[in-house]
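Hi,

Here is the structure I promised to pass on.

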Amino acid sequence: MSNTRIERDSMGQLQVPAEALYGAQTQRAVENFPISHQRMPRLFIRALLLAKAAAAQANLELEQISEGRSKAIVDAVKDLLASDYMTHFPVDIFQTGSGTSTNMNANEVIATLATRLLGEEVNPNDHVNCGQSSNDIIPTTIHVSAALALHEQLLPALAHLVQVTEHKAVQVHAFVKTGRTHLMDAMPVRMSQVLNGWAQQVRANIEHLQ
């Protein structure tokens, strides 16, 4: 059994790994940009998939795609997010400036799965990418991935930092240090005052970020 299959696009045909969910445009990007061998971050790809599902639902409401295709796209995204989806996104992080290759990578992967689920063609361009451009879907994905990172990683880390800093302040309350202002010694302060001041600064930034 061959390890590759033939895929075709407007530029001709080329070989794609037999088990790959992506198609010709993704394979061309893999071959054209073998630069760093680093892929897009996992959180970025997750955000891109979520944006594609949201677009499919919006396109259904706008009567741009059928209910069946919209549901198939959303279900395909759910299946991807429940799997080790990064294996289907091989495009190098250094690629076309607008992220077109990664956008098409997502379109092809989702279209392949959606077609299997629906039993009829779901086109990467006409259906998955309906009403979208790389110049809007990629910036949207950046915003969504930043929001996910903020709520899932940064805010919990900052909350933990406040907790351990305040705990340490209790432990060092008995110690006094020389305060500093304008690069000069100032009034003595307790170490607990210093640490609680740091904790309050972090807490204020948490409120600002929320």
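**Glu108 and its surroundings**

Leaving aside neighbours within four places in sequence, Glu108 is in contact (heavy atoms within 4.5 Å) with Leu21, Tyr22, Gly23, Ala24, Gln25, Thr26 and Pro124. Before I go on, a word on the ground rules: this is a predicted model, where local features need pLDDT of at least 70, side-chain atom pairs count only at pLDDT 80 or more, and totals for chains, interfaces and linings use all residues. Residues are numbered from 1 along each chain as its sequence is written, and side-chain values use heavy atoms, with hydrogens and water left out.

Back to Glu108, which sits in helix H4 (residues 100-118); helices here are DSSP runs of H or I with at least four residues, strands are E runs of at least two, and both are numbered from the N terminus. Glu108 is buried but has no salt bridge, and the nearest side chain of opposite charge, Arg5, is 7.4 Å away. For the terms: buried means under 20% relative accessible area, exposed over 50%, and partly exposed in between, with a 1.4 Å probe and protein chains only. A salt bridge needs a side-chain nitrogen of Lys or Arg within 4 Å of a carboxyl oxygen of Asp or Glu. For charge, Lys and Arg are positive, Asp and Glu negative, while His and the chain ends are not counted.

What does the side chain of Glu108 reach at 3.1 Å? The backbone nitrogen of Gln25. That is a polar contact, i.e. a pair of N or O atoms within 3.5 Å; within protein, one must be able to donate a hydrogen and the other to accept it, and residues adjacent in sequence count only if both atoms are side-chain atoms.

In H1, the buried residues are Ala24, Thr26, Gln27, Arg28 and Ala29. The buried residues of H1 pack against strand E1 (4-9), strand E2 (12-17) and H4.

The side chains of Asp92 and Ser36 are joined by a polar contact of 2.9 Å.

Ile65 lies in the loop between H2 and helix H3 (67-81). Is Ile65 buried or exposed? Buried, because its relative accessibility is 7%. Beyond its neighbours within four places in sequence, Ile65 has contacts that include Leu60, Ile73, Asp126, His127 and Cys130.

**Salt bridges**

The count comes to 7 salt bridges.

- Asp84 pairs with Arg42, with the closest N and O atoms 3.6 Å apart. This pair links distant parts of the chain, Asp84 in the loop between H3 and H4 and Arg42 in helix H2, 42 residues apart.
- Asp75 pairs with Lys71, with the closest N and O atoms 2.7 Å apart. They are 4 residues apart in helix H3, so about one helical turn separates them.
- Glu166 pairs with Arg203, with the closest N and O atoms 2.6 Å apart. Glu166 is in helix H6 (residues 134-171) and Arg203 in helix H7 (residues 191-209), so the pair ties together parts 37 residues apart in sequence.

Cheers
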